[in-house]
Amino acid sequence: MMRLVAWGALLSGCLFFLLPLVGMTEFSLKMRRGEYSFDAYAVVFADPSFWATFGYSLALSAATIVVGVVLVVPTAYWVRLKLPQARPFVEFVTLLPLVIPAIVIVFGYIRMYNTSSFLPLTGSALGTDILLTMGYATLALPYMYRSVDTGLRTIDVGVLTEAAQSLGAGWYTILTKIILPNVMVAVLSGAFLTLAIVLGEFTMAALLNRPAFGPYMQLLGANRAYEPPALAVIAFAITWGCMGLMQLATRFAKHERAKA
Amino acid sequence: MPTDPIRRAPRRLPLEWLGILPFAIFAFLFLILPTMRIVIGAFQTPEGGFTFQNLLDLNTDSIRAAYWTSIKLSFYTAILGCAAGFAMAAAVVFGGLPKGVRSPLLTFSGVASNFAGVPLAFAFIATLGPVGLITVWLRTEFGINLRAMGFNLLSFWGLVITYLFFQIPLMILIITPALDGLKREWREAAAVLGATGVQYWRMVALPILFPSILGTFALLFANAFGAVATAFALTGPQLNIVPIKLFAQIRGDVLGNPNLGYALAFGMIVITAAANLLYIWLRVRSERWLK
């Protein structure tokens with residue numbers, strides 16, 4: 001009886017998740033009248049804007065990941081090593097992007113960094129790209145910080161630092177040659193999540209008027225019939241890929257820890 | 001070894017705080033300062049004087065309706081997401097299902113909770129839209145016309161169904177570890193004392209789980225309240241919910257008063273902050289039991 005109810009709950013849930021996925025896949029194959037074909041995908045892949053916006057978002061994710069790692073790894077390391085009293089403050093700040101909606105943050109950017117401000121970032125394309133990267137780094141901050149901090153918990157930061165120092169290493173060497181390799185798996189897992197977030201992000205890119213993948217998808221959705229579900233299938237595959245790589249990284253970490 | 005800790009302490013302290021200076025500067029410039037700008041702007045006249053007028057001006061029919069629709073949308077998706085997510089997680093943890101079910105479900109939940117925004121809207125249009133898979137199937141096979149029955153994907157309930165696609169997985173991801181934390185001994189202890197299954201759930205398990213469930217509810221609420229992309233891609237700028245209204249205001253000052261836009265954003269911060277504080281507070285409470 002209990003098992004029957006459990007199967008019922010699970011299967012009806014799975015049905016709810018499967019139907020939209022089947023729906024979008026089926027719809028994306030229907031472009032040619034009367035038969036299934038990959039025409040919609042061919043059209044999408046032949047569109048130069050697809051590659052331009054996708055490349056742009058990919059480059060922006062790379063920049064976001066670099067900013068995130070450079071910002072988060074030294075900070076989390078330093079808090080663990082020397083400043084445990086700063087932990088509540090840092091953790092509170094890293095949780096803020098979950099509290100303040102992205103649309104409010106970008107609204108603040110637009111008013112804060114317009115052409116008549118002390119830091120006129122929105123005045124140029126490069127400036128806006130930098131601002132958008134910082135915005136994405138902010139959105140990814142809660143995930144990146146948690147991931148790296150959990151990674152640091154598994155190693156003895158104090159002993160590693162003292163050992164490195166007694167061998168004559170400076171702070172830069174300690175961070176890049178000792179700490180970073182040790183939390184690489186955590187960094188990777190944060191990086192793949194960042195990639196998944198940035199590639200599909202719509203609100204910030206649209207409001208800052210940058211040619212990113214999210215606004216491109218939205219624009220196509222407003223004007224076409226068969227290409228949007230094809231894009232949805234592609235986006236789902238990308239998300240799946242990012243999460244798969246993330247899980248792989250975590251599994252790798254468990255394996256490593258078991259050996260140690 | 002420090003020989004004189006009293007003399008050393010004041011010299012050491014500021015230098016160590018320098019280590020988190022880059023982080024502090026980043027957070028100040030790209031998180032705190034922009035948010036402060038919005039909060040302060042909500043209490044300013046266009047000339048820069050202090051006023052409560054912007055917040056009072058929120059009290060128009062259109063803006064009140066937007067907040068109310070947003071709150072209802074967040075509430076329904078959070079409560080349905082919690083219920084369905086709990087049912088699925090409980091089925092996997094206690095239902096005696098094969099062990100192989102659990103890991104794929106959690107992996108899928110990780111993917112689905114991140115599959116939000118524009119593509120999600122496309123998926124639902126292709127499924128429940130006017131010529132979507134289910135709509136057409138019901139019409140041709142059973143003669144059921146969803147549209148004639150009053151269902152429209154580009155409406156409040158359509159949005160609820162779409163949001164559930166990322167709300168349910170989020171609930172599964174957060175509640176499964178909590179369900180795992182329920183110790184077998186508690187159930188056995190209750191049974192030894194003569195409790196029935198229902199009594200165990202009502203008097204032992206649910207009180208322990210309650211902070212987790214309510215906390216996740218608050219998180220799902222805030223999650224839905226701040227979401228823009230899915231609703232925008234699904235319904236365009238027409239639907240009257242707060243994030244869409246704010247989006248239109250930022251793009252083209254549709255309210256005709258920039259400071260009213262600040263007030264609108266300030267209202268969003270207040271609501272999501274309240275929901276998140278509830279989540280954090282309850283999470284701390286629930287961690288006492290579920291270690």
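**View 1. Burial in chain B.** Of the 291 residues that make up chain B, 44% count as buried (20 or more other C-beta atoms within 10 Å of a residue's own, with C-beta atoms placed from the backbone). This is a predicted model, where local features need pLDDT of at least 70, side-chain atom pairs count only at pLDDT 80 or more, and totals for chains, interfaces and linings use all residues. Residues are numbered from 1 along each chain as its sequence is written, and chains are lettered from A, with ligands numbered from 1, in the order in which they are written.

**View 2. The helices of chain B.** Here you will find 13 helices and zero strands (DSSP runs numbered from the N terminus: H or I of at least four residues for helices, E of at least two for strands). The radius of gyration of chain B, taken over C-alpha atoms, is 24 Å, well over the 19 Å from the globule rule for 291 residues, so chain B is more spread out than a compact globule (the rule is 2.2 Å times the number of residues to the power 0.38).

**View 3. Where chain B meets chain A.** In this view, 62 residues of chain B are in contact with 64 residues of chain A (C-beta atoms, placed from the backbone, within 7 Å). Helix α2 (residues 21–42) of chain B gives the most to the side touching chain A, with eleven residues.

**View 4. Confidence.** Chain B averages a pLDDT of 85, and 94% of the residues score at least 70 (pLDDT is the predictor's confidence in each residue, from 0 to 100). For the complex, the predictor gives an ipTM of 0.87 and a pTM of 0.87.

Methods. Contact = placed C-beta atoms within 7 Å. Buried ≥ 20, exposed ≤ 12 C-beta atoms within 10 Å, placed from the backbone.
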